[in-house]
Amino acid sequence: MTCSKGKTPRRHGPKKASNIDKDPVGVYCRIRPLGAEDEECCVEMISSSTIQLHAPDGLKANRNGEYKETQYSFKKVFGINTTQVELFEDVARPLVEDLIHCKNGLLFTYGVTGSGKTFTMTGSPGEGGLLPRSLDMLFNSIGPFQAKRFVFKPDDKNGMEIQGQVDALLERQKRDSQQSVPKTPSSRQKVADPEFADMISSEEACKSENVDEDCCYSVFVSYIEVYNNYIYDLLEDAPFDPIRPKWLGGGTPVRNNEFIPPQSKILREDQNHNMYVAGCTEVEVKSTEEAFEVFWKGQKKRRIANTQLNRESSRSHSVFTVKLAQAPLDADGDHILQDKNQVNVSQLCLVDLAGSERTSRTRAEGSRLREAGNINQSLMTLRTCMEVLRENQMCGTNKMVPYRDSKVTHLFKNYFDGEGKVRMIVCVNPKADDYDETMLVMRFAEMTQEVEVARPVDRPICGLAAGRRHRNQVFRDELSRRLEEQGGPGNADDQGLLNQLIESLPALPPSELVDAADDQTLPRLMEVLERRHRVRQMMTEQYNKTANTLASMLQQLDGQISAKETFLHDQRSRLDEKDKVIINQRKEIERLEKKSNTLEYKIDILQKTTDMYENDKRSLQQELETREQRLQRELSERRRMEQRMHGMVTDTKLKWEKECERRVNAKQLEMQNKLWVKDEKLKQLKAIVTESSGGGTERPEKPERPSRERDRNIAQKRSASPSPLPGNVFRTRGGGQAVQFTDVETLKQECASASSRKRRSGSGEGPAQMENTENRPPVASTSHGYQKRRKP
């Protein structure tokens with residue numbers, strides 16, 4: 001066995017010398033039946049102690065291209081056909097035996113969500129689980145030897161005190177007046193609650209034979225849950241219900257529209273260095289039925305939720321603790337020994353761990369996701385503690401075990417350090433979807449089996465002689481028998497009354513005759529006898545009178561009795577008829593009660609489902625409101641963006657419209673300029689042709705060149721990108737360049753200057769006229785669009 005994988009094995013240090021016997025943690029495996037016959041199974045039971053895991057078809061193969069099959073061994077494997085009785089006999093019964101013999105025990109179920117942990121621990125109607133069967137065996141064993149209520153009293157420091165008879169009587173009277181706790185049934189009867197009705201049949205009931213009859217016992221139960229790494233008391237009478245929270249308007253205090261969580265309990269250490277939950281409610285119970293009622297009271301408050309893997313998934317670790325207090329009887333075997341040091345307290349913890357789950361499969365969100373994270377974190381802490389314990393025991397190290405990282409491990413620290421037996425039931429769901437989680441559970445179980453826990457030792461109670469209770473009971477029975485056998489006290493009383501009656505008669509005088517002439521003795525005797533005779537006659541008459549009166553009374557009574565007998569006969573006949581009606585009504589009532597119990601059970605399940613759906617609905621409504629707010633914000637932002645984009649588009653559109661209009665105008669201007677140039681060239685050519693055909697030889701007068709100052713003024717008025725206005729007039733300069741005149745007056749001046757130049761130059765210039773034709777300014781057009789030059 002290596003201490004770590006992939007590294008050089010650590011040399012085992014010398015183990016601590018200890019004479020304490022240790023036993024490994026008992027790990028059992030229970031396989032749950034498949035939900036459907038056509039489902040793929042990945043778990044196979046090889047033997048009574050070995051199972052084999054097969055990889056499902058959809059899983060990737062390993063590096064060698066083959067599917068790997070693994071086997072795991074346990075102390076015992078329970079198949080799908082295992083009954084609750086068989087599981088109890090092998091796993092829980094030894095722990096109950098140890099509990100009666102002052103030894104602690106810890107039993108917890110571990111596995112994936114939906115693997116059957118709660119069913120194994122609690123069971124169902126008709127199939128009681130480990131918890132109800134353990135309670136039934138305990139009360140069947142110690143039932144005749146239980147102390148009266150309130151004789152044992154918790155001292156709030158994980159210990160027990162013994163109260164005197166007077167204090168206990170006062171406590172019982174106070175309880176009876178308040179009627180807060182139901183009275184213990186005198187015999188086994190069915191529980192009214194359908195959750196536990198008919199869980200254990202009379203044929204399956206068992207008891208322990210090795211019970212110390214010289215002790216008095218009392219049972220206390222407590223029920224807590226570890227939720228989000230906080231400890232809550234499920235038996236605490238709080239003004240709220242954590243399963244069914246009331247929101248605003250429900251009369252329950254709220255904070256930020258959320259239910260105020262209950263106050264978490266804290267862990268403390270008693271004088272014996274044992275961990276316990278401070279302030280936890282401990283209820284004294286006297287029967288299995290009463291313990292069931294207490295358990296169900298806390299079970300209704302336990303946190304469950306609907307997930308993708310389990311309809312009623314436990315969202316917390318529940319711990320149901322059965323504490324047995326026992327103290328010896330005194331030397332007479334009549335009363336409990338009033339010595340606190342002689343009180344022994346043992347406890348059995350039944351733990352239903354919440355299932356490990358992957359959020360990718362459960363699709364948990366919000367509070368469900370936080371719960372799953374805390375559950376997985378606590379289970380990981382439990383695994384880490386086991387790993388460190390195993391390494392310390394096998395490698396001789398002395399590492400600190402991180403018990404305090406989780407409330408579950410911190411609470412059960414004493415068990416792993418050697419305060420009792422530890423048993424774990426690994427529940428397995430063989431369906432292929434749970435293969436990966438099942439592999440992790442198997443590895444943890446395999447590692448846990450290697451952890452050893454110190455074996456608990458027997459605790460002697462006291463040095464008094466055994467059989468005290470039996471001897472005291474025998475003495476009482478013999479005394480009662482003798483008192484019943486003494487039938488003479490009534491006859492002796494009658495004889496005494498007769499003697500008193502005889503003594504009340506006149507006393508007889510001396511009747512001895514000495515002298516024959518004595519004539520006084522006999523008359524005196526006769527007188528006394530006559531008096532006695534008269535007294536006797538009077539008594540006889542009184543007796544006869546009384547007898548007659550009594551006889552008449554007896555006759556009258558006989559008549560009355562006969563009449564009453566006749567009346568009773570009639571009433572009996574009527575009662576028989578009523579009994580038949582009552583029997584029929586009882587049958588009908590029993591049928592209706594069964595139906596009512598079934599309906600209450602269904603109503604409770606529907607209420608739980610409704611509460612879960614209401615919680616889901618509430619969370620979904622909150623999420624919907626959040627998303628609606630987000631959507632409103634996005635819509636408003638989109639509207640603002642649309643308005644902004646619309647403004648930008650409008651501005652851009654106007655800009656481009658102006659730009660397009662400018663470019664069109666520029667293009668029109670350019671085309672007009674080109675057309676004007678062509679027209680001017682045609683005019684000049686036509687003028688030349690006309691002059692040539694006229695035969696004129698005179699050289700035209702050379703026109704005067706326009707002033708440069710005037711040209712500069714015209715250039716300043718010309719725009720770089722002129723707009724095509726209707727008043728624009730164009731002319732050409734030399735070289736065919738178009739010139740724009742934006743002012744009509746300027747055009748007139750230009751035309752006037754051109755006319756003057758033409759007059760000065762004359763019509764017979766000849767070549768000079770041809771050279772300056774390009775510099776002629778435009779003139780007002782005639783009907784043909786041209787103006788002929790006048791000859792000088």
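This is a predicted model: local features need pLDDT of at least 70, side-chain atom pairs count only at pLDDT 80 or more; totals for chains, interfaces and linings use all residues.
Residues are numbered from 1 along each chain as its sequence is written, and side-chain values rest on heavy atoms, with hydrogens and water left out.

Helices (H or I, at least four residues) and strands (E, at least two) are DSSP runs, numbered from the N terminus. Twelve of the twelve residues of S21 are buried, where buried means under 20% relative accessible area, exposed over 50% and partly exposed in between (1.4 Å probe, protein chains only). His317, Val319, Thr321, Lys323, Ala325 and Ala327 point one way from this strand, and Ser318, Phe320, Val322, Leu324, Gln326 and Pro328 point the other way. Both sets are buried, Lys323 and Gln326 included.

What joins S21 to S12? The two strands run antiparallel and are joined by twelve bridges; strands count as paired if DSSP finds at least two bridges between them. Within this pairing, Cys216 stands opposite Ala327 of S21.

Strand S22 itself spans residues 344-352, and eight of its nine residues are buried. Its pairing with S7 (residues 104-111) is parallel and covers five bridges, with Leu350 of S22 as the bridge partner of Leu107. In general, strands of a sheet pair through backbone hydrogen bonds, in either a parallel or an antiparallel sense.

Turning to another sheet, S3, S4 and S5 follow one another in that order in an open, antiparallel arrangement of three strands. S3 (43-45) and S5 (70-73) are the edge strands, each with a single partner strand, so one side of each is left without a neighbour in the sheet. On average, neighbouring strands of this sheet are turned by 25° against each other, direction ignored; the axes are lines fitted to C-alpha atoms, for helices over the stretch in contact, and angles run from 0 to 180 degrees between N-to-C directions. S4 (residues 50-53) pairs with S5 over four antiparallel bridges, and Ile51 has Tyr72 of S5 as its bridge partner.

Neighbours within four places in sequence aside, Met442 is in contact (heavy atoms within 4.5 Å) with Ile51, Leu53, Tyr72, Phe74, Val426 and Val428.

Finally, the loop between S12 (215-227) and S13 (230-233) deserves a look. Most residues other than glycine have a negative phi. In this loop, however, Asn228 has a phi near 55°, and Asn229 has a positive phi of about 65°. Are these residues buried or partly exposed? Asn228 is buried, at a relative accessible area of 15%, whereas Asn229 is partly exposed, at 30%.
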